[in-house]
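I opened this model to look up a few residues, some helix contacts and a pocket. My notes follow in the order of looking.

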Amino acid sequence: MQEVNFDATLETILANDSRYSRDAYLFVREALDFTQKLIIKENRGQVRHVSGQELLGGIKQLALQQFGPMTAMVFEEWGVKNCRDFGEIVFNMVEIGLLAKTDKDSRDDFQTGYDFDDAF
């Protein structure tokens, strides 16, 4: 049932902002789960909020695992050209209620990520 809600809500996001493909949103959701698992492992089972910088690290790691040297091409196909685009995706999801944020979280957290040419 939760999956249907995610899908329906994602359709609303895509109708309002067509800059990024559906796959980009699905990947961010998967990368958030991946990053959360890394944090839980590092913190001996304790769950905590994932920062923008931590999510960018998880995105990079997961992307290289899944897509290897094709990562930049895959991201470009999705409309994602830099870390700021991931911030836009995250905050589109926050604004519609798919993700939560703290008072300290902002789009600016994704401004100082990595250069795609260097990372991928």
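**Entry 1: single residues**

I looked up Glu95 and found it exposed, with a relative accessible area of 56%; exposed means over 50%, buried under 20%, and partly exposed in between, with a 1.4 Å probe and protein chains only. The model is predicted, so I noted that local features need pLDDT of at least 70 and side-chain atom pairs count only at pLDDT 80 or more, while totals for chains, interfaces and linings use all residues. Residues are numbered from 1 along each chain as its sequence is written, and side-chain values use heavy atoms, with hydrogens and water left out.

Glu95 is in helix 5; I took helices as DSSP runs of H or I with at least four residues, and strands as runs of E with at least two, numbered from the N terminus. From C-alpha to C-alpha, Glu95 and Ile13 are 9.4 Å apart in space and 82 residues apart in sequence.

Next I checked Ile13, which sits in helix 1 (residues 2-16). Ile13 counts as buried, at 4% relative accessibility. Not counting residues up to four places away in sequence, Ile13 touches Tyr25, Asn92, Met93, Ile96 and Leu98; contact means heavy atoms within 4.5 Å. I also took the C-alpha distance from Ile13 to Val50: 22 Å in space, for 37 residues in sequence.

Asn92 belongs to helix 5. Asn92 is buried, with a relative accessible area of 12%. Leaving aside neighbours within four places in sequence, I listed Ile13, Asp17, Arg19, Tyr25 and Arg107 as the contacts of Asn92.

**Entry 2: helix pairs**

I then asked at what angle the axes of helix 2 and helix 5 cross. They cross at roughly 85 degrees and come within 10 Å. Axes here are lines fitted to C-alpha atoms, for helices over the stretch in contact, and angles run from 0 to 180 degrees between N-to-C directions. Helix 2 and helix 5 are therefore roughly perpendicular to each other; that label covers 65 to 115 degrees, with under 35 roughly parallel, over 145 roughly antiparallel and the rest oblique. Ala24, Tyr25, Phe27, Val28 and Arg29 of helix 2 meet Phe86, Ile89, Val90, Asn92 and Met93 of helix 5. By class, I recorded eight nonpolar, one polar and one charged residues in this contact; Ala, Val, Leu, Ile, Met, Phe, Trp, Tyr, Cys and Pro count as nonpolar, Asp, Glu, Lys and Arg as charged, and the others, Gly among them, as polar.

Helix 3 (residues 52-67) packs with helix 2 (residues 22-42) at an angle of about 110 degrees, the axes being 8 Å apart. The residues of that contact divide into eleven nonpolar, five polar and two charged.

For helix 3 and helix 4 (residues 71-78), I have axes that come within 9 Å and cross at roughly 105 degrees. Helix 3 gives Ile59, Ala63, Leu64 and Phe67 to this contact, and helix 4 gives Thr71, Val74, Phe75 and Trp78. I noted seven nonpolar, one polar and no charged residues there.

**Entry 3: the pocket**

Last, I looked at the lining of the largest pocket. By class, this lining has nine nonpolar, four polar and three charged residues.
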